[in-house]
Amino acid sequence: MQCLCCGYFTLSNRRHFEICDVCFWEDDGVSEPSEESGPNHMTLEKGRLNFSKFGACEEEFVKNVVKNPENIYRKGDL
Ligand SMILES: [Zn+2]
(Lines give C-alpha, C1' and ligand atoms only; values in the text may rest on other atoms or scores of the structure.)
Protein backbone atom coordinates (compact mmCIF):
# COMPACT_ATOMS: atom_id res chain seq x y z
CA MET A 1 0.00 0.00 0.00
CA GLN A 2 1.09 3.51 -0.69
CA CYS A 3 2.19 5.89 2.02
CA LEU A 4 0.20 9.08 1.50
CA CYS A 5 2.98 11.25 2.84
CA CYS A 6 5.97 10.26 0.68
CA GLY A 7 4.24 8.33 -2.11
CA TYR A 8 6.32 5.16 -1.79
CA PHE A 9 4.63 1.78 -1.53
CA THR A 10 5.93 0.91 1.93
CA LEU A 11 2.86 -0.25 3.86
CA SER A 12 1.44 -3.76 4.13
CA ASN A 13 -1.96 -2.38 5.14
CA ARG A 14 -3.60 1.02 5.15
CA ARG A 15 -4.83 2.63 8.39
CA HIS A 16 -2.96 0.17 10.60
CA PHE A 17 -0.75 2.76 12.22
CA GLU A 18 2.30 1.40 10.44
CA ILE A 19 5.28 3.69 10.36
CA CYS A 20 6.62 4.34 6.91
CA ASP A 21 10.28 3.33 6.38
CA VAL A 22 10.83 6.11 3.93
CA CYS A 23 9.33 9.18 5.62
CA PHE A 24 8.39 7.98 9.14
CA TRP A 25 4.77 9.02 8.73
CA GLU A 26 2.42 6.95 10.89
CA ASP A 27 -0.49 5.79 8.75
CA ASP A 28 -3.54 6.63 10.83
CA GLY A 29 -5.74 6.78 7.74
CA VAL A 30 -5.73 10.53 7.22
CA SER A 31 -6.00 11.16 3.51
CA GLU A 32 -7.15 14.77 3.40
CA PRO A 33 -4.01 16.98 3.17
CA SER A 34 -5.40 19.73 5.41
CA GLU A 35 -6.64 17.36 8.13
CA GLU A 36 -4.65 17.19 11.36
CA SER A 37 -3.18 13.75 11.98
CA GLY A 38 -3.14 12.97 15.71
CA PRO A 39 -0.25 10.50 15.89
CA ASN A 40 1.87 12.60 13.55
CA HIS A 41 1.05 15.90 15.28
CA MET A 42 0.70 17.66 11.95
CA THR A 43 -1.33 17.73 8.77
CA LEU A 44 -0.53 15.45 5.87
CA GLU A 45 0.26 18.56 3.87
CA LYS A 46 2.91 19.56 6.41
CA GLY A 47 4.34 16.03 6.43
CA ARG A 48 4.67 16.09 2.66
CA LEU A 49 6.34 19.47 2.76
CA ASN A 50 8.79 18.25 5.41
CA PHE A 51 9.50 15.12 3.39
CA SER A 52 10.38 17.19 0.35
CA LYS A 53 12.58 19.50 2.46
CA PHE A 54 14.29 17.05 4.82
CA GLY A 55 13.61 13.54 3.52
CA ALA A 56 11.31 12.63 6.45
CA CYS A 57 7.93 13.86 7.68
CA GLU A 58 9.73 15.58 10.56
CA GLU A 59 13.34 16.75 10.49
CA GLU A 60 14.24 14.81 13.66
CA PHE A 61 13.26 11.52 11.97
CA VAL A 62 15.77 11.83 9.13
CA LYS A 63 18.11 9.49 11.01
CA ASN A 64 15.36 6.82 11.24
CA VAL A 65 14.47 6.51 7.59
CA VAL A 66 16.03 4.35 4.88
CA LYS A 67 18.52 5.85 2.47
CA ASN A 68 17.94 5.57 -1.27
CA PRO A 69 14.33 4.34 -0.91
CA GLU A 70 14.00 4.27 -4.72
CA ASN A 71 16.24 1.17 -4.65
CA ILE A 72 13.79 -0.65 -2.35
CA TYR A 73 10.30 0.69 -2.99
CA ARG A 74 8.19 1.66 -5.94
CA LYS A 75 6.95 5.23 -5.92
CA GLY A 76 3.59 6.44 -7.19
CA ASP A 77 1.84 9.76 -7.69
CA LEU A 78 0.01 11.29 -4.77
ZN1 LIG B 1 6.11 7.53 3.68
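Mentor: What follows is a set of questions about terms, each answered by setting a value against its definition.
Mentor: Please keep in mind that this is a predicted model, in which local features need pLDDT of at least 70, side-chain atom pairs count only at pLDDT 80 or more, and totals for chains, interfaces and linings use all residues. Residues are numbered from 1 along each chain as its sequence is written, and side-chain values use heavy atoms, with hydrogens and water left out.

Trainee: What makes the site of the zinc ion tetrahedral?
Mentor: The zinc ion is coordinated by Cys3 (SG), Cys6 (SG), Cys20 (SG) and Cys23 (SG), at 2.2 to 2.3 Å, and donors are N, O and S atoms within 2.8 Å of the metal (3.2 Å for Na, K and Ca). Four donors count as tetrahedral if all angles lie between 85 and 135 degrees, and the angles among these four donor atoms are 105 to 117°, so the site is tetrahedral.

Trainee: What spacing do the donors of the zinc ion follow along the chain?
Mentor: The spacing is C-x2-C-x13-C-x2-C. Cys3 and Cys23 both lie in the segment before β1 (36–37), so the pair ties together parts that are 20 residues apart in sequence.

Trainee: Why does Thr43 count as buried?
Mentor: Buried means under 20% relative accessible area, exposed over 50%, and partly exposed in between (1.4 Å probe, protein chains only). Thr43 has 18% relative accessibility, so Thr43 counts as buried. This residue is in strand β2, where a strand is a DSSP run of E with at least two residues, a helix is a run of H or I with at least four, and both are numbered from the N terminus. Leaving aside residues up to four places away in sequence, Thr43 touches Trp25, Pro33, Ser34, Glu35, Glu36 and Ser37, contact being defined as heavy atoms within 4.5 Å.

Trainee: Why is His41 called exposed, and why is Phe17 called partly exposed?
Mentor: His41, in the loop between β1 and β2, has 65% relative accessibility and therefore counts as exposed. Phe17, in the segment before β1, has a relative accessible area of 47% and is therefore partly exposed.

Trainee: How do you know that the buried residues of α1 line one face of the helix?
Mentor: The buried residues of α1 (residues 44–54) are Leu44, Gly47, Asn50 and Phe51. Seen down the axis of α1, they fall within an arc of 120°, so they line one face, the arc being that of the directions from the helix axis to the C-beta atoms. These buried residues pack against β2 (42–43), whereas Ser52 and Lys53 on the other side of α1 are exposed.

Terms used. Four donors count as tetrahedral if all angles lie between 85 and 135 degrees; four count as square planar and six as octahedral if opposite donors are over 155 degrees apart and all others between 65 and 115; anything else is irregular.
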